[in-house]
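Keep the structure open as you read.

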Amino acid sequence: VANTLAAVTVISPLAVLTKGKDPLAISVSAYMDIKKEFSTLKLAVVTDSAEKVQKILPRTLEILRRLKQKKFSRADLDRVLIPKKTSEYLLAERPHYYWMMKAPVLALAGWEFMETEFDKLSEVKPRDLQEVAGKYFSEPVYVGTVVMPLSDKELSFTNVSQAEQVEEKEVSYLKKTLSNGLT
């Protein structure tokens, strides 16, 4: 298993954001947030400079849009599937893995899905990836959120398309006890 993991490196197309002399990002990660009604792909890009924020979104969208032109191979699929299987086997002996990570999938998709997940993933073909990339990444629908540290004197919200300063407003709270005793 260790030799297999050492030989297989998952390389994301978004990794280019972390490369070069002055990379746009320090790290890039992605995961699927699975819900019954819909699922979303969540990308997290960490940068070391507020000035780079305005460049990250257009570059990320460009990379995603180009995925439909990429010629995927079986090796591309194996770079994802083999570490995923290996991780699953290693984590399967830990009960908290199922409680925390697998319970939502079990609740939404059922035990049969979980039992056949890797068989189904093994059936995925390179052309399937190109079809999905064309369908979902040609014109991605997205919400971009930028989180920045605040200074003591300012409250700032940054919209990726246009930076705006918002004046800090006084916040008031209402404390009320409901008839059932809940405050």
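Lysine 84 is partly exposed, with a relative accessible area of 37%. This is a predicted model, so the values here are computed from its atoms. What does lysine 84 pair with? Its salt-bridge partner is glutamate 117, and the closest N and O atoms are 3.8 Å apart. Lysine 84 sits in helix H3, whereas glutamate 117 belongs to helix H5 (residues 111–122). The pair therefore ties together parts that are 33 residues apart in sequence.

Is glutamate 117 buried or exposed? Its relative accessible area is 12%. The cut-off for buried is under 20%, so glutamate 117 counts as buried. Lys84, Glu88, Lys102 and Glu117 form one network, joined by salt bridges that share partners.

Stay on helix H3, which spans residues 74–91. Arginine 74 and aspartate 78 both lie in this helix. They are 4 residues apart, about one turn of the helix. Their side chains meet in a salt bridge, at 3.6 Å from N to O. Arginine 74 is partly exposed at 33% relative accessible area. Aspartate 78 is partly exposed too, at 27%.

Now take a pair that reaches across the chain. Glutamate 139 forms a salt bridge with arginine 65, and their closest N and O atoms are 3.5 Å apart. This pair links distant parts of the chain, 74 residues apart. Glutamate 139 is in the loop between helix H6 (126–137) and strand S3 (156–159). Arginine 65 is in helix H2 (residues 53–66). How accessible are the two ends? Glutamate 139 counts as exposed, because its relative accessibility is 58% and exposed means over 50%. Arginine 65 has 30% relative accessibility and counts as partly exposed. Why do such pairs form? Side chains of opposite charge can pair when their charged atoms come close. The model has 12 salt bridges in total.

Which residues make up the largest nonpolar core? There are 6 of them: Leu14, Leu17, Leu24, Ala25, Ile56 and Ile63.

Go back to leucine 24, a member of the largest core. Leaving aside residues up to four places away in sequence, leucine 24 touches Leu17, Thr47, Lys52, Lys55, Ile56 and Arg59. Among these contacts, Leu17 and Ile56 belong to the largest core as well.

Note on methods
Residues numbered from 1 in each chain as written. Predicted model: local features only at pLDDT ≥ 70, side-chain atom pairs only at ≥ 80, totals over all residues. Heavy atoms only, no water. Core = buried A, V, L, I, M, F, W, Y, C linked by side-chain atoms within 4.5 Å. Buried < 20%, exposed > 50% of the residue type's maximum accessible area, 1.4 Å probe, protein only. Contact = heavy atoms within 4.5 Å. Salt bridge = Lys/Arg side-chain N within 4 Å of Asp/Glu carboxyl O. Helix = DSSP H or I, 4+ residues; strand = E, 2+ residues; numbered from the N terminus.
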